[in-house]
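I opened the notebook to record what I looked up in this structure.

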Amino acid sequence: MTPPPLRQRPAWRALEAHADEIGRRHLREFFEQDPDRGRRLRAQAAGIYLDYSKNRITDETIRLLTQLAVESDLANRRDEMFSGGHVNVSEDRAALHVALRMPRGTSLIVDGVDVVAEVHSVLDQMADFSTRVRSGEWTGHTGRVIKNVVNIGIGGSDLGPVMAYEALRFYSRREMTFRFVSNVDGDDFVEAVRDLDAAETLFIISSKTFGTVETLTNAHSARAWLIEQLGDDAAVAKHFVAVSTNHEKVTAFGIDTANMFGFWDWVGGRYSMDSAIGLSTMLAIGPDAFGELLAGFHAMDQHFRLALFEENLPVLMGLIAVWNRNFLGCSTVGVMPYEQYLKRLPAYLQQLTMESNGKHVSLDGIAVDYQTGPVYWGEPGTNGQHSFYQLLHQGTSIIPVDFIGFARSLHPLGEHHDLLSANVFAQAEALAFGKTESEVRRDGTAEHVVAHRVMEGNRPTNVLLADVLTPTLLGSLIALYEHSVFTQGTIWGIDSFDQWGVELGKALATVIVPELTDDAPTLGHDSSTNALIEQYRTLNGRGVS
């Protein structure tokens, strides 16, 4: 049965009344009335400890939010996703990224095909190739071993591999160099290869259709660079591999299809880092560690499938995100990893969250009358503290923050890690409780400065704490956010797996490209776009038609 419209559901209406009742209450009050709150409002799974006690919620809030999840049919929609149902409604396909990390020997039949068997066939192909490259068995055109790997992709074919490589660099093969090219700006490619030797360089071209304009533009520049250095078109076959499903285009490029690693329509780009798109990750950390990464994903998948909503980390984080967005009016979320290796995690989560839930119509195509996905952004701690935390503490916008910390460092160095971790706990405490006028005055502050030093507090945070960053833990962390996004999208009744908003600008760009280069183009855009094209042509010497 289709749930009633969101704002007509009993739990939604009860949450609106509840928000009116507690919305102005302060976290100081919550903790004073319940000194054990910090030990109650927590959950733990797959190596991750979640403290959500510093959100502006009560037990009643959680009860009503979980009731909203029930009324929104979250359990059935979750089961439909895991079983291969076509939950990507607008494209009429499954969103089955969870199959990418199902253990060998399990089975999931979708449209008559055992997708788990297919996944492990590709994983075996990846493992064989990675082992040969890492061992030196695979050599380039001139017989030299591969020392450099350059992944060329964009969107999910870049953000996931970049994030995973940076996150797991501690575990990577250090005598190999890994670079990533995504931007069609030529500066990106030139800087990536300027100090590399083509005879020792392998390019991975990551494009499902082998037709993504930005990726193929960079790929052809890479091909020209390689041939210029090695002087032989035949070198392409030993220095390029493809993550794609388009045999014809891959062959035409000069890549041997034996070195083409496939994936499926049911793998969305932003959910693909644990598919063949992760080939660069496997080359960096090896097949065994990549298997540990997949195991971490699967552990969180199982928790999401089986745990009660009240104890379910992705469900709790997703429901609290809905509460903050729709009932407290928070339009952005900060993600602050206190782990330098996770420096690219906020950029990765920007795509995962905003491409998934930045939607304005429901599953049946009706315009929504409520807010959907917030803006996600962030920066590693402690850097952000000396940048934008001022606004977090004293700005006029309330911005919920996810802090991510670890009990142990991969590089124990004096007091560094204790200082880093102290800041995780201190920032969450400061955002929650702030500093009152009386507390400022007790510090002996001059009266004319008191107002400037008051911190209102009452700013919500989650703290995610784990032991140490490993491939397994990274998998669990990413799956946690994937399923939190899914939970939010289910409540909002939107399709978290399409991305039609990506297409319009790209389509218009294909029209404009010849207008920038032709001798006398006829411009048919609005006056602003026409004037910009004319100014561009004037500046680069092509003149105005």
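My entries follow, topic by topic.

**Entry: the model**

I am working from a predicted model, and I read local features only where pLDDT is at least 70.

**Entry: backbone**

I then looked for exceptions.

I found a cis peptide bond between Gly 381 and Thr 382, with omega at about 10°. Where does Thr 382 sit? I placed Thr 382 in the loop that runs between strand E11 (375–378) and helix H16 (389–394).

Next I checked phi. Asp 92 is not a glycine, yet its phi is positive, at about 50°. I located Asp 92 in the loop between helix H5 (74–82) and strand E3 (109–110). Is Asp 92 buried or exposed? Its relative accessibility is 54%, so I logged Asp 92 as exposed, the cut-off being over 50%.

Phe 210 also has a positive phi, about 55°, and is not a glycine. I found Phe 210 in the loop between strand E7 (201–206) and helix H9 (213–230). Is Phe 210 buried or exposed? Its relative accessible area is 3%, so I logged Phe 210 as buried; buried means under 20%.

**Entry: helices H4 and H14**

I looked up how helix H4 (residues 59–71) meets helix H14 (residues 313–327). Their axes come within 10 Å and cross at roughly 100°. H4 is therefore roughly perpendicular to H14, since angles of 65 to 115 degrees count that way.

Which residues make the contact? On H4, I listed Thr 61, Ile 62, Leu 65, Thr 66 and Ala 69. On H14, I listed Leu 316, Leu 319, Ile 320 and Trp 323. I then sorted the contact of H4 with H14 by class: seven residues are nonpolar, two are polar and no residue is charged.

**Entry: cavities**

How many cavities reach 30 Å³ or more? I noted three.

The largest cavity has a volume of about 150 Å³. It is lined by 19 residues, and those closest to its centre are Ala 321, Asn 324, Val 333, Asp 402 and Asn 462. Which elements each supply at least two residues of this lining? I wrote down H14, strand E12 (401–406), strand E13 (461–466) and helix H20 (471–492). H14 gives the most to the lining of the largest cavity, with five residues. I recorded the classes of that lining as 11 nonpolar, six polar and two charged residues.

The second largest cavity holds about 40 Å³ of space. I listed its lining: Ile 48, Ile 404, Gly 405, Phe 406, Leu 464, Leu 465, Ala 466, Leu 473 and Leu 477. E12, E13 and H20 are the elements that give two or more residues to this lining. By class, I put eight lining residues of the second largest cavity down as nonpolar, one as polar and none as charged.

Then I went to open space. What is the volume of the largest pocket? I have it at about 1200 Å³. I noted 44 lining residues, of which Thr 212, Gln 499, Val 502, Glu 503 and Lys 506 are the closest to the centre of the pocket. Helix H7 (156–167), H9, helix H15 (345–357) and helix H21 (503–517) are the elements giving two or more residues to the lining. H21 gives the most to the lining of the largest pocket, with six residues. I sorted this lining into 17 nonpolar, 17 polar and 10 charged residues.

The second largest pocket has about 550 Å³ of space. I noted 25 residues in its lining, and the closest to its centre are Thr 2, Pro 3, Arg 9, Ser 362 and Gly 493. H5 and H20 each supply at least two residues of the lining of the second largest pocket. Which element gives the most to it? I have H20 down for that, with three residues. The residues of this lining divide into 12 nonpolar, six polar and seven charged.

**Entry: cross-references**

I marked H20 for a second look.

Notes. Residues are numbered from 1 along each chain as its sequence is written. This is a predicted model: local features need pLDDT of at least 70, side-chain atom pairs count only at pLDDT 80 or more; totals for chains, interfaces and linings use all residues. Side-chain values use heavy atoms; hydrogens and water are left out. Helices (H or I, at least four residues) and strands (E, at least two) are DSSP runs, numbered from the N terminus. Buried means under 20% relative accessible area, exposed over 50%, partly exposed in between (1.4 Å probe, protein chains only). Axes are lines fitted to C-alpha atoms, for helices over the stretch in contact, and angles run from 0 to 180 degrees between N-to-C directions. Angles under 35 degrees count as roughly parallel, over 145 as roughly antiparallel, 65 to 115 as roughly perpendicular and the rest as oblique. Contact means heavy atoms within 4.5 Å. Ala, Val, Leu, Ile, Met, Phe, Trp, Tyr, Cys and Pro count as nonpolar, Asp, Glu, Lys and Arg as charged, and the others, Gly among them, as polar. On a 1 Å grid over the protein atoms alone, a cavity is a set of points where a 1.4 Å probe fits but cannot get out, and a pocket is an open set with protein on both sides within 12 Å along at least five of seven lines; lining residues have an atom within 4 Å of a point. Grid points are joined across faces, edges and corners, and a volume is the space filled by probe spheres set on the points.
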